[in-house]
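This report walks through one protein model, from single residues to the whole chain. Keep the sequence and the 3D view open while reading.

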Amino acid sequence: MGQNVAALAPIMTGQPVIPVIVIEDAGKAVPLARALAAGGLPAVEITLRTEAALDAIEAIASEVPEAVVGAGTALNAKQYEACRAAGARFVVSPGFTPELAEAADGANVPLLPGCVTSSEIMAALEEGYTHLKFFPAGQAGGVAYLKALASPFSAVRFCPTGGVSPDNAGDYLDLPNVVCVGGSWVAPKEAVASGDWDRITALAKEAAGLG
Ligand SMILES: O=C(O)C(=O)C[C@H](O)[C@H](O)COP(=O)(O)O
């Protein structure tokens with residue numbers, strides 16, 4: 001019970017960067033996921049910040065077998081269930097609540113919840129969660145803060161997200177308690193809007209070579 005680490009860990013360790021995507025047009029989802037997978041980033045996080053998100057998740061799940069589609073910005077149990085129903089293979093939340101823990105408990109679609117403070121991490125550990133998002137990474141204290149967490153929480157593995165860029169991703173990935181980072185830079189809004197898939201594949205290739 002608790003977190004489905006067996007399902008989540010391979011996704012997190014499979015690539016150094018998980019693209020965080022804000023998609024306005026679900027019609028762009030399939031070529032976007034293909035472009036990222038072609039560059040070596042099969043796992044993607046589609047944030048529930050737009051109306052198009054659930055349709056985008058559904059389209060990628062059914063049409064892009066080489067991708068591993070995840071959902072992001074899931075704030076409650078209802079949204080977790082909607083992501084699962086749409087075909088998400090993992091679900092990411094910026095924080096963690098008892099309601100989300102209950103919804104995801106023992107489920108085959110793993111939850112990656114966000115934590116920052118020691119007390120939040122301890123509460124997550126009590127629920128059986130060892131793989132956590134660290135959000136908002138840059139604003140919360142960045143590399144130095146995460147490094148300090150490694151001593152008391154040596155078994156916890158993080159995916160820092162928020163303010164991560166090609167310039168600092170390597171510093172995060174060098175930490176022993178970081179397995180991957182999340183970032184929006186691999187799928188710039190204007191490139192998605194104009195359908196510049198070659199640029200996105202090139203950015204994905206660079207990101208896949210980090211760490
Ligand atoms: O919506 C969520 O649940 C998020 O995860 C927010 C993300 O962390 C940022 O959108 C990514 O941050 P940047 O890479 O700095 O653009």
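Pro 136 lies in the loop between strand 6 (131-134) and helix 7. The model described here is predicted. In it, the peptide bond from Phe 135 to Pro 136 is cis, and its omega is near -10 degrees.

Helix 7 spans residues 137-140 and contains Ala 140. Ala 140 has 17 C-beta neighbours inside 10 Å, so it counts as partly exposed. A residue needs 20 or more such neighbours to be called buried. Leaving aside neighbours within four places in sequence, the contacts of Ala 140 are Val 116, Phe 134 and Tyr 145.

Tyr 145 belongs to helix 8, which covers residues 142-149. With 14 other C-beta atoms within 10 Å, Tyr 145 is partly exposed.

Thr 130 is partly exposed, because 17 other C-beta atoms lie within 10 Å. Not counting residues up to four places away in sequence, Thr 130 touches Gln 3, Val 5, Leu 125, Ala 155, Val 156 and Arg 157.

Is Ile 121, with 21 other C-beta atoms within 10 Å, buried or exposed? Ile 121 is buried, because the cut-off for a buried residue is 20 or more. Ile 121 lies in helix 6. Apart from residues up to four places away in sequence, Ile 121 touches Cys 115, Leu 132, Phe 153 and Val 156.

| Pair | Apart in sequence | C-alpha to C-alpha distance |
|---|---|---|
| Tyr 145 and Gly 211 | 66 residues | 19 Å |
| Ala 140 and Ala 71 | 69 residues | 23 Å |
| Thr 130 and Pro 42 | 88 residues | 23 Å |
| Ile 121 and Phe 134 | 13 residues | 9.9 Å |

The next part of the model to look at is a pair of helices. Helix 3 (residues 53-63) and helix 4 (residues 77-86) pack at an angle of about 30 degrees, and their axes are 8 Å apart. Angles under 35 degrees count as roughly parallel, and helix 3 and helix 4 are therefore roughly parallel to each other.

Which residues meet where helix 3 packs on helix 4? From helix 3 come Leu 54, Ile 57, Glu 58 and Ala 61, and from helix 4 come Ala 82, Cys 83 and Ala 86. The residues of this contact divide into six nonpolar, no polar and one charged.

In helix 3, the buried residues are Ala 53, Leu 54, Ala 56, Ile 57, Ala 59 and Ile 60. An α-helix has 3.6 residues a turn, so residues three or four places apart point the same way. The cover over the buried residues of helix 3 includes helix 2 (29-38), strand 2 (43-47), strand 3 (68-72) and helix 4.

Thr 73 lies in the loop between strand 3 and helix 4. Phi of Thr 73 is near 60 degrees, which is a positive value in a residue other than glycine. Thr 73 has 19 other C-beta atoms within 10 Å and is therefore partly exposed.

Last comes the protein as a whole. It has eleven helices and eight strands. Its radius of gyration is 16 Å, close to the 17 Å that the globule rule gives for 211 residues, so the protein is as compact as a globular protein of that length. Along the principal axes, the C-alpha atoms fill a box of roughly 45 × 35 × 25 Å.

How much of the protein counts as buried? Of its 211 residues, 45% do. Among contacts in the protein with a separation of 6 or more, 64% are between residues 24 or more positions apart.

Notes. Residues numbered from 1 in each chain as written. Predicted model: local features only at pLDDT ≥ 70, side-chain atom pairs only at ≥ 80, totals over all residues. Axes fitted to C-alpha atoms, helices over the stretch in contact; angles between N-to-C directions. Helix = DSSP H or I, 4+ residues; strand = E, 2+ residues; numbered from the N terminus. Parallel < 35°, antiparallel > 145°, perpendicular 65-115°, else oblique. Contact = placed C-beta atoms within 7 Å. Nonpolar A, V, L, I, M, F, W, Y, C, P; charged D, E, K, R; others polar. Rg over C-alpha atoms; globule rule 2.2 N^0.38 Å. Buried ≥ 20, exposed ≤ 12 C-beta atoms within 10 Å, placed from the backbone.
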